Amino acid sequence: SLIWKKTDKSQEKLNFGQGGDGGVFANLEKQSFVYRVAAGVLAAFPTDPVKWKGLHPLRFTLFALRRISLQGGTSPSVDLDFNQETSQWSGSIAGQDITAMIDRTKADKLASSMANFQVQDWATDRTEAVKALATPALSFVVTLGVPGEPSAPLTQRTVRLSPTQAGADTAIYYGQLDGDPDVFFVTREYLRELMAPVLKKAP
């Protein structure tokens with residue numbers, strides 16, 4: 001059964017059942033009609049609640065962005081600070097100023113991509129994923145403020161990522177947001193595009 005609430009707070013219920021001939025039937029409660037539907041429709045409604053989560057776990061407006069910190073394993077993080085008033089980037093690596101090396105176009109693209117961070121799917125079996133994410137291979141932290149309120153407290157959103165096989169650059173990576181118990185999947189290709197270098201190429 002599928003139950004949902006409408007905008008007027010009333011409730012609807014859709015029941016599915018399988019007949020002796022293997023056919024799948026549906027009935028909207030409170031109605032007398034019964035419909036025969038494709039058998040594959042049942043697979044479209046996952047029973048694990050995590051599968052109902054959206055594929056954009058991290059979304060924010062660029063007007064709230066203050067900093068992006070990128071880190072690969074135990075390497076020093078690359079900290080990119082965004083000035084809302086001037087729309088300029090500054091940055092550092094292990095305390096060393098890299099502002100002059102930042103490619104603004106690439107940094108802007110990174111910020112836009114992270115503002116609409118998209119995952120491939122959600123994991124139903126999280127046992128191995130949690131172990132892998134205990135020591136992430138990649139991570140990034142987005143520091144956000146309140147648009148128009150420069151003195152408002154800042155918040156941080158942390159994404160941790162690890163390959164599905166320890167020590168390998170696998171096609172699929174595990175991911176976790178803010179230590180949430182749910183784990184998502186992202187592709188290696190998507191991560192490479194997302195975390196592309198933002199520094200200017202050496203002459």
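User: Is Asp-178 buried, exposed or partly exposed?
Analyst: Asp-178 counts as partly exposed because its relative accessibility is 39%; buried means under 20% relative accessible area, exposed over 50%, and partly exposed in between, with a 1.4 Å probe and protein chains only. This is a predicted model, in which local features need pLDDT of at least 70 and side-chain atom pairs count only at pLDDT 80 or more, while totals for chains, interfaces and linings use all residues. Residues are numbered from 1 along each chain as its sequence is written, and side-chain values use heavy atoms, with hydrogens and water left out.

User: Where is the place of Asp-178?
Analyst: Asp-178 lies in the loop between strand S14 (172–177) and strand S15 (184–187). Helices (H or I, at least four residues) and strands (E, at least two) are DSSP runs, numbered from the N terminus.

User: What is the phi of Asp-178?
Analyst: Asp-178 is a residue other than glycine with a positive phi, near 55°. Most residues other than glycine have a negative phi.

User: And Lys-9, which has a positive phi: where is it found?
Analyst: Lys-9 is in the loop between S1 and S2. Its phi is about 75°, although Lys-9 is not a glycine. Lys-9 is exposed, with a relative accessible area of 76%.

User: How many residues are between the strands in that hairpin?
Analyst: The hairpin of S1 and S2 has 5 residues between the strands. Strand S1 (residues 2–5) and strand S2 (residues 11–18) run antiparallel and are joined by 4 bridges. Lys-5 has Gln-11 of S2 as its bridge partner.

User: Which strands form the open sheet with S1 and S2, and in what order?
Analyst: The open sheet has 4 strands in the order S1-S2-S3-S4, with antiparallel pairing; two strands pair if DSSP finds at least two bridges between them. S1 and strand S4 (35–37) are the edge strands, each pairing on one side only. From one strand to the next, the twist averages 25°. Axes here are lines fitted to C-alpha atoms, for helices over the stretch in contact, and angles run from 0 to 180 degrees between N-to-C directions.

User: What does Asn-27 touch?
Analyst: Asn-27 belongs to strand S3 (residues 24–28). Not counting residues up to four places away in sequence, Asn-27 touches Lys-13, Leu-14, Asn-15, Ser-32, Phe-33 and Val-34, where contact means heavy atoms within 4.5 Å. A polar atom of the Asn-27 side chain also lies 3.0 Å from the backbone oxygen of Gln-31.

User: How far apart are Asn-27 and Ile-93 in space?
Analyst: Asn-27 and Ile-93 are 60 Å apart, C-alpha to C-alpha, and 66 residues apart in sequence.

User: What does the C-alpha trace of the protein span along its principal axes?
Analyst: The trace spans about 70 × 45 × 30 Å. The protein has a radius of gyration of 22 Å, whereas a compact globule of 203 residues would have one near 17 Å; the radius is taken over C-alpha atoms, and the globule rule is 2.2 Å times the number of residues to the power 0.38. Buried residues make up 31% of the 203 residues.

User: Changing topic: how many strands and helices are there in the protein?
Analyst: There are 15 strands and 3 helices.

User: Last one: is Ser-162 buried or exposed?
Analyst: Ser-162 counts as buried because its relative accessibility is 2%. Ser-162 is part of strand S13 (residues 155–163). Leaving aside neighbours within four places in sequence, the residues in contact with Ser-162 include Leu-133, Thr-135, Tyr-173 and Tyr-174. A polar atom of the Ser-162 side chain lies 3.0 Å from the backbone oxygen of Ala-132.

How values were computed
Polar contact = N/O pair within 3.5 Å; in protein donor to acceptor, adjacent residues only side chain to side chain.
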